[in-house]
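Here is a briefing on one protein model.

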Amino acid sequence: MVVETITEITHQKTLLFGAQGMLGHALQEVFPHAQCVGHNNVDITDEDAIMKLIIQERPAIVINAAAYTDVDGCEDNREYAFSVNGIGPGYIARACIEIDAMLVHISTDYVFGGTKPEYHEDDHPNPINIYGESKLLGEISVAKNMDNYRIIRTSWLYGRHGKNFVDTILTLSQQMPVVRVVNDQVGKPTYTVDLANKVPEITLCDPGIYHITNDGQCSWYEFASEFIPNATPCLTEEFPRKAKRPAYSVLVNTKTPPLRHWKEAVHEYISNREKELK
């Protein structure tokens, strides 16, 4: 049977890796019938376990939202980063081939180095930190092992069920008279709910790489200033981090209709957050 509608897609048998993560929770809302897999169920770096699970369950769609996303931690744990972010996705891809399943793999803007003001889907990756290198290896591992894949690159994710920039800045804003935020890193904030809702549409598109973010771009300072009154700009060099960050990681989506503007999305997130805290 040829699947042609979003509703049909979300009712297909789906296996969701990384279900307990920030994006994973949002994807569970979109794919309510998905079998959820977390690191407590199956180790993504265990090839035999991955193959056994996917062949046993025989899903039509596999979504890999599992990743080691601690950018600075990746610098200290290089081997682990490459195992989880780089090699594990290849194991999933090979298992998908065995049962003719589609793979949707989540990647990142950090596969780019920030030397250009914006990046299209076909631009050459040039990561400048271990996290970006490991995620690029994941893309390569997927693409070399199968044809029926959708790689979704996204950026600056925030949402419920996980540590994120918005929550951190809101807390700091209440604790400090002034919150210093870097103004020389530019990207596209993305709400996990909006990204998750886009995934079914991407499964109906041709195989390939997709850039999916909320519309519009900003610096971290501009992002923070949208929802707190006491942000002040500073330079990246004033806050040295173990992992180098790209100055520009703006992902340009040339293949699908854009998501709503990031300003609208972040205000909805904060509104919902405040309701939950009451």
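Helix 3 passes helix 5 in a right-handed crossing. A crossing is right-handed if the near helix is turned clockwise from the far one by less than a right angle, and left-handed if anticlockwise. Helices (H or I, at least four residues) and strands (E, at least two) are DSSP runs, numbered from the N terminus. The model is predicted: local features need pLDDT of at least 70, side-chain atom pairs count only at pLDDT 80 or more, and totals for chains, interfaces and linings use all residues. Residues are numbered from 1 along each chain as its sequence is written, and side-chain values use heavy atoms, with hydrogens and water left out.

**Helix 3 against helix 5**

- Helix 3 covers residues 47-57 and helix 5 covers residues 78-99. Their axes come within 9 Å and cross at roughly 30°. Axes are lines fitted to C-alpha atoms, for helices over the stretch in contact, and angles run from 0 to 180 degrees between N-to-C directions.
- Helix 3 brings Glu47, Ile50, Met51, Ile54 and Ile55 to the contact. Helix 5 brings Tyr91, Ile92, Arg94, Ala95, Cys96, Glu98 and Ile99. Contact means heavy atoms within 4.5 Å.
- By class, this contact of helix 3 with helix 5 holds nine nonpolar, no polar and three charged residues. Ala, Val, Leu, Ile, Met, Phe, Trp, Tyr, Cys and Pro count as nonpolar, Asp, Glu, Lys and Arg as charged, and the others, Gly among them, as polar.

**Helix 7 against helix 10**

- The axes of helix 7 (residues 165-175) and helix 10 come within 11 Å. They cross at roughly 65°, and the crossing is right-handed.
- Val166, Asp167, Leu170 and Thr171 of helix 7 meet Val266, Tyr269, Ile270 and Arg273 of helix 10.
- The contact of helix 7 with helix 10 has five nonpolar, one polar and two charged residues.

- Helix 6 (residues 130-145) has 16 residues. From first C-alpha to last, helix 6 reaches 22 Å, close to the 22 Å expected at 1.5 Å a residue. The expected span is 1.5 Å times one less than the number of residues.
- Buried residues of helix 6 include Ile130, Tyr131, Leu136, Glu139 and Val142. Buried means under 20% relative accessible area, exposed over 50%, partly exposed in between (1.4 Å probe, protein chains only).
- Cover for the buried residues of helix 6 includes helix 4 (71-76), helix 5, strand 4, strand 5 (149-154) and strand 10 (208-211).
- Ser107 lies in strand 4 (residues 102-108). Ser107 has a relative accessible area of 3%, so it counts as buried.
- The side chains of Ser107 and Glu139 are joined by a polar contact of 2.7 Å. A polar contact is a pair of N or O atoms within 3.5 Å; within protein, one must be able to donate a hydrogen and the other to accept it, and residues adjacent in sequence count only if both atoms are side-chain atoms.
- Leaving aside neighbours within four places in sequence, Ser107 is in contact with Lys135, Glu139, Ile151, Ile152, Arg153 and Thr154.

**Helix 8**

- Helix 8 (residues 192-203) has twelve residues and should span 16 Å at 1.5 Å a residue. Its end C-alpha atoms are 17 Å apart, which agrees.
- Nine of the twelve residues of helix 8 are buried. Among them are Asp194, Leu195, Lys198, Val199 and Ile202.

**Strand 11**

- Ser219 sits in strand 11 (residues 218-219). Its relative accessible area is 1%, so Ser219 counts as buried.
- Ser219 touches Trp156, Val182, Asn183, Gln185 and Val186, not counting residues up to four places away in sequence.

**Loops and positive phi**

- Most residues other than glycine have a negative phi.
- Arg58 has a positive phi, near 50°. Arg58 is in the loop between helix 3 and strand 3 (61-64).
- Asp100 is not a glycine, yet its phi is positive at about 60°. Asp100 is in the loop between helix 5 and strand 4, and counts as exposed at 66% relative accessibility.
- Pro258 is in the loop between strand 12 (231-234) and helix 10 (262-277). Pro258 is exposed at 60% relative accessibility.
- Pro258 and Gly216 are 42 residues apart in sequence and 9.7 Å apart in space, C-alpha to C-alpha.
- Glu237 is also found in the loop between strand 12 and helix 10, and is exposed at 66%.
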